[in-house]
Structures are given as C-alpha cells and as structure tokens.
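Here are some notes for a colleague who is opening this structure for the first time. Please keep the model on screen while reading.

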Amino acid sequence: MNNIIEHTSEIKSDPRLIYEALGSKIIEFDSISIAEQIKNASDAKAEEIIVDFSKIYEDLIEIKDFGSGMTLDEINEKWFYIAASDKNNDYSQQGGKGIGRFSLFRLANTIDIITVSNNKKFSFKLVKHQLESLSSLSDLKIKINESDTSDVNGTTIRLTELNNLNLDEITEDLENLNTPFQNRTFKILYPENFSVKKYLEPKEAIDDAPFYASIEFEGNQIISYNFSCHYHGITLYENSNKTTLQNLILSENIPSIDIGRTKVTIYNYFFHPSYSNVTNEREEELKNKFLSAYQGINVYRNGYKIYGHGKEDWLKLAEKRLKRSSDNIDNKQTFGYVILCPEKSVYLEEKTNREGFIRNDTSTYFTKIIDAIITQFGQDRKKSISKIKVLVNKKGQAKRPNKFVLDTTTGFIGASGAAATSGTIGNSGSTVTGTTIDTAVGTSSGAATGAVVGTSGGAATGAVIGTSGGAATGAVIGTSGAAATGTVVGTSGGKNIYTKSSTIGYINSNIKNNIQSPKVAALVNEITTINIDRYTLATGFLLRSLTEVIMDEYLRKHLSSLQSHFKDYIINSNNNIKKSFTTNNNNVEKDISIKTKLMDFKRYLASTNTFDSRSLKHLDDLATCIDDINLAMHWTHKTVSTNTLQTNWQNSIFFIEFICKSI
C-alpha cells in the first residue's frame, strides 16, 4: 500500500497584479480611472470633488475630495486589501469590486495619497518601478506617515510620472458622467493654455430633437409609453398607447425579471438633407458640441453612467439601420438614457473593467426589453417622418435647403436685398453666406460666400460658380468675365488662377516613387488618379483605406520602439494591429478604430514636436471625415462632397507623406 504524503502550499501573486492586471490593463479608457475616483469620493459623502489637470504639462494631476477621509484602519483594511469593499448591500454606493483605485496606474506610474480624518493626516505612496523590482506581492511593504493636522477631512490623490493622456478624450467621456439634467458632482480644472471644448447642456439641445419618448417599465410590464413628434412648433404625431409595445414584449417571450421600476428617455434628431428642422450650422453644433459626448442610449445608476453603453452602441443600432434604415434610429443622432433602480438592479452587475454588464440572465433580459422599446420608438418615428414629408411637400419647399453634394443645388430663395444664409439663392444685391457643404446662388450683383453660384456680377467666395462678371473666390467655376480665385474652371473670358482638379490631390513624386509597401503604393496610385467627380464615394473609401493601411504599416515597422506612445497596441499572430488588455485573468484582443489610431498618432507626433499643433489639429478633421465616409458607405441619404475630400487631403497630406516616407 502506497503512503500518501500531504503537502501544503500557498497562492502567490506577482506585483504586476497591482499595476497591470488590476491597473493599467483592466480598463481601456483613461476616463474610467478618473470616473472611479469621482465615484469613490461620492461614496465618501464628498460635497466637493475637484479633478485638477491644471499642472498636467508639469507632470501632475490631482484629484481632491472633501469627504470623510480615511483612518489608519480604513487604509489597511480597505485601501490595501485587494478586492475588499465596504459597499456590499449599500445600494447608494457606486462600486463593490474593491479594485477601482488601482486603475490609477492607467494614468501614472506614481500614486501619492494624502488623506485627513478627524485631525489625523495619513500619507503613502505606490510606485510602479518599486513594484516591478519585487518577486512577489507578499514582499511589498508600504510606509504610511501619520501626523496631527487642523486640515479639513478629505482625500487628495497626486499622480506623477504620467502616461500619455488625451485630455480632450477624457473631457468628452466625463461630460455625461452624471445623470442628464442633474447637477454635476465634480469640477474639472484645466491648464491656462488648454482650449476647453464647451459642450451644450442637454437642456440647450433637446428642443431641436423632433422625436421624443418617455417610458417606464417593471419586469416585463410597460407602465407608460409616451411618444411625440414636434416639428417647427407643431405637434404632428403622438402615441400614448402602450399596448403595441406590450404585445411586442410578450411575443418575444421576454421574461419578467424584477430590476425595479426603470425609466427610459429618448430624444432623436432628424438631420435629413431635405426635411431637417435645423440649419446646417445648428446641425454641426449639435453633432460636435452635444452628440459627440451624449450620443446613444446611456445607462445610469445612483447618478452615474455605467460605461460600455452610449457611443459604444451596445444595442447594435448601426447594424440594424443598415438592414432597415427607415425602421431604425441612428445611434449617433440619438440622445437617450436609462435610469436604473439601485436597490433592485443589483444583478445587473458591472464588469470588472467597468465597460458594460456581466452577461447573465438579468443583463440579457435588460438588453431585450430596451431593444423592444427602441423598436417601438422606431415605428412611431417612421410614422412621424411620413407626416413631416406631407407637411413640407404641402408647403412646396423644405424647411432647410439641401446640402451641396455634386449635382444638388436646391435651396431657399432670398429676394431683393434679403440676407440669405446657408444654401441660398440670393438675387438683386442679396448677401449670401454659406459653408463648404451648402449651396448658394448669387445673381445680379449678389455677394455670395460659401458654396456659391455667382452670376451677373455676383461677388462669390467659397465653393463657387461665378458667371457673367461675378467675382468668385474659392472652389469656383467662373464664366463670362468672372474674376475667379480658388479651384476654378473659367470660360468665356474668366480670369483663372488655377483649374479645378478632377482628383483628390497630389503627393510628392519622390515620396510616391519610393514607397516600399506594395499595398500602400497601389492605394496611393489609385487615390491620386481616380476621378473624384465621377467616383466621389469610391474616392472617400480609398481615403479611409489609405489612412488605416499606412498607420498599420507604420506600426508594424516601428511599434517595438513606440510602445510607450501606443499603449496596449500589439501585432497579433495574424499580423494585425490590435489592442490587448486583461479582463477576468484572460487576455482579450480588440479592434482599434481609425479615429483612435489617428488620435494616438496625433499625441505621438505632438510629443516629438515634428509638426506644430495647428497642423496636427487637421487630424481631428480627418477623423470626422472618415466617420462621415463610413456613414455614406451604408446610408443613401448620407453624402460626402468632393470639396470635403479634397480639403481633408490637402490639410492632411503632411501626415500621409510623413508616414509614407517611413514605411
């Protein structure tokens, strides 16, 4: 008979658990780390929370709160106890994982904590390179300093040895951190020379959304459903009958899982080129200063958003819209939010990385019932649009002029000296002001600025057709004596400065002839020779493809030396560029959007001082242009003008040539 020998062992942890597995690699977005500290401060009953970026260029970020602070016992039993949380069964609290504090390693390599509680001040420090020198987490000893103080209670987190951070991205992600229409629980301080983007508040934007609905449900029962369509001050359509939605839920066998009484609010915009209820300028303002931060259906609990929703398109609205565009709403043109019941929605449990809910029966039910609500909203929206078209067609003209896309030149008529703005036909001395994507026609000495047709002496500036003596400046067709400046086709005596190109633009011939990558060389040759007027969308697709391919080729060649600038980027086994992060002890690879890559290249180039900030700002415009190209590829009413493509090529050629030279 064999003797059984019993051994004992112990579980050991690598220090990387702190600064990687629970730190820099557990979350994908820098703003999540900031949000975690704001929530922790809120849980500490802080009435004032300050996120101070004012010294970020001096390698310092401070997060301050004036809550209850921490005692020595709380530091030892909570802060240094991994996965310990005092928030269990307290439904007013935010977290529960006990690891959010370690996500600070996403932002910085050194973390200083100063906390005051009842006239006692404690301070301690976590330093990444010290953790790296340890063989086991059990070897970690942290010194805590204690002193008497008269300072008020609260906690200050000081971050130094900062990683590469995108302050614009953090600002945008934190803009809608608190439940809409409620007071913000925190304040952000910025550097003096930082240009802070001013976003519209929801109350400043919702009146321009013609489609609105408020819904309440509990289990699989709809308590109330109220949809309305308001168009130019007229209520065109309303539906308060919840029966159709209730029947839809029952037909899809959505179970009755109790997450408490849940409220859903949806505002949807209508940026149709012929039937929109806002001007082009207002549309751009809403897109850039509101929907960029508030888009999609976000989810809130205890006053804070749960990441992984909103712009992440968790309901796959874009995918559904591709299949049946008229029945489905656009995630990017929707501002919606769900408010959860804190006490009863506990089984909607956030993932460790804070990006959505853990998949279980409750989260599946939640997704299905919200999806059913969106489906009903889409049907009511479709009926509303039919009524909008009837109203507009009855009046004989659209409320807003068509966008200027190739052969589209429809617009309002401003008569006899009237000042006409954005896409206007101005005659007899009218002053016309437009934009590069709008159409204005200036006749009989009308001064036209924008995308303009200037005739009979009209002074035309912008994307212009100038005829019969019209002084035309911009992308211009000048005829019969028109003095034309810009991209010009001039006939009958027109004074031409240069001729309109039929391609997107040019690239330095020496660079073009020395591109080493066959794939890049083929794309460059194609995009610089294709007729942009005839194949506008194809040219846009080529611009999108070229931008992504050159960045990927550059990273394949140089990533090993640029890892600090392109955090979490990897070249996987299939030679594809991905992001790698750890969740639930598993390595996960994730696709990287073109916009994300562009913004990371922008930060990298800014750090090298290769180009000035004004030039690099054009990469933001290129990212927006590529987003528009993506939409135009799938939706018939979405368009991208030749002028937009040529402008972005011209403004971004410095970047394209720089990358091409290096691959």
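1. First, a term. Helices and strands here are DSSP runs, numbered from the N terminus; a helix has at least four residues and a strand at least two. On that basis, N253 sits in the loop between α7 and β11 (262-268). Keep in mind throughout that this is a predicted model.

2. Stay with N253. Its phi is positive, near 55 degrees, and the residue is not a glycine. Most residues other than glycine have a negative phi. N253 follows helix α7. Is N253 buried or exposed? N253 has 65% relative accessibility, and the cut-off for exposed is over 50%, so N253 counts as exposed.

3. Now look at α7 itself, residues 243-251. L245, Q246 and I249 are buried in this helix. Where do the buried residues of α7 point? Viewed down the helix axis, they fall within an arc of 100 degrees, so they line one face of α7.

4. N119 has a positive phi of about 65 degrees, and N119 is not a glycine either. This residue lies in the loop between β3 (108-117) and β4 (120-127).

5. Next, the aromatic rings. A pair of aromatic rings is described by the distance of the centres and the angle of the planes. The count comes to 28 aromatic pairs in the model. One of them joins Y190 and F194: the centres are 5.4 Å apart, with 15 degrees between the planes, and the pair is stacked. Y190 and F194 are both buried.

6. Another pair is F290 with Y294. Why is this pair stacked? The ring centres are 4.8 Å apart and the planes are at 15 degrees; planes under 30 degrees apart count as stacked, so F290 and Y294 qualify. Both residues belong to helix α8 (residues 280-294). They are 4 residues apart there, about one turn of the helix. F290 has a relative accessible area of 0% and is buried. Y294 is buried too, at 6%.

7. Ring pairs also build a cluster. Its members are Y554, F566, Y569, F601, Y604, F611, F654, F655 and F658. Please find these rings in the viewer.

8. Charges over rings come next. The charged end of R101 sits over the ring of W79, 5.6 Å from the ring centre. K305 lies over the face of Y307, at 4.5 Å from the centre of that ring.

9. Turn to helix packing. Helix α2 (residues 30-43) packs against helix α5 (residues 167-175). The angle is about 50 degrees, and the axes are 8 Å apart. At that angle, α2 is oblique to α5. The crossing of α2 and α5 is right-handed.

10. Helix α12 (residues 518-527) and helix α13 (residues 536-558) have their axes 10 Å apart. How do these two helices run relative to each other? They pack at an angle of about 155 degrees. Angles over 145 degrees count as roughly antiparallel, so α12 is roughly antiparallel to α13. Their crossing is left-handed.

Terms used
Residues are numbered from 1 along each chain as its sequence is written. This is a predicted model: local features need pLDDT of at least 70, side-chain atom pairs count only at pLDDT 80 or more; totals for chains, interfaces and linings use all residues. Side-chain values use heavy atoms; hydrogens and water are left out. Rings of Phe, Tyr and Trp (its six-membered ring) pair if their centres lie within 6.5 Å; planes under 30 degrees apart count as stacked, over 60 as edge-to-face and the rest as tilted. Buried means under 20% relative accessible area, exposed over 50%, partly exposed in between (1.4 Å probe, protein chains only). A charge sits over a ring if NZ of Lys or CZ of Arg is within 6 Å of the ring centre and within 35 degrees of the ring normal. The arc is that of the directions from the helix axis to the C-beta atoms. Axes are lines fitted to C-alpha atoms, for helices over the stretch in contact, and angles run from 0 to 180 degrees between N-to-C directions. Angles under 35 degrees count as roughly parallel, over 145 as roughly antiparallel, 65 to 115 as roughly perpendicular and the rest as oblique. A crossing is left-handed if the near helix is turned anticlockwise from the far one by less than a right angle, and right-handed if clockwise.
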